[in-house]
Amino acid sequence: MARAGAAGGGTAGTAGTRWGGPTEQQWDALAAEAFTGMKEWRVQHPTATFVEIERAVDERLATLRARMLQDVALASAAARVAETPRVGRPRCPACDAPVEARGARERRVRVTHGQTVALTRDYAVCPACGAGLFPPG
Ligand SMILES: [Zn+2]
């Protein structure tokens, strides 16, 4: 799929982004699950109010939503310092040196509809001043 940048794109930071096949298949599967679940729910609740329908739709889309948030966030170059060439790496806010990876750390983020997204990112350390940071993203 031609997903990388629009015309004239070629942003260096997106090189090597892990994307495509498996991710899309999982999204498709979750979307299909939500659609099927909603159709079944509709049959079982023919007289549901608008509010009830809205809640049912939200519940079924919440899983897909969380998954998409997680996958897109993890696809950002900032999440994977180790795999990013030095020139494309985030820089130390203090001394502007390209940071180096120091192992992955997981961060759990609560999102809407009671879902939790697990973001595994490389923890970065500045080789010049020793400052540790999580690149933004
Ligand atoms: Zn530094």
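Two strands pair here if DSSP finds at least two bridges between them. Helices (H or I, at least four residues) and strands (E, at least two) are DSSP runs, numbered from the N terminus. What you're looking at is a predicted model: local features need pLDDT of at least 70, side-chain atom pairs count only at pLDDT 80 or more, and totals for chains, interfaces and linings use all residues. Residue numbers start from 1 along each chain as its sequence is written.

**View A. Strand 1 meets strand 2.** Residues 100-111 (strand 1) and 115-125 (strand 2) run antiparallel, joined by ten bridges. Pick out A104, and you'll find its bridge partner in strand 2 is D122. Three residues sit between the strands of this hairpin, and H113 has a positive phi near 65°.

**View B. Strand 2 meets strand 3.** Strand 3 covers residues 132-133 and pairs with strand 2 over two bridges, again in the antiparallel sense. Here A124 has L133 of strand 3 as its bridge partner. This hairpin has six residues between the strands, with G130 taking a positive phi near 85°.

**View C. Helix 1 against helix 2.** The axes of helix 1 (residues 21-44) and helix 2 (residues 50-75) come within 9 Å and cross at roughly 175°. Axes are lines fitted to C-alpha atoms, for helices over the stretch in contact, with angles from 0 to 180 degrees between N-to-C directions. So helix 1 is roughly antiparallel to helix 2. (Angles under 35 degrees count as roughly parallel, over 145 as roughly antiparallel, 65 to 115 as roughly perpendicular and the rest as oblique.)
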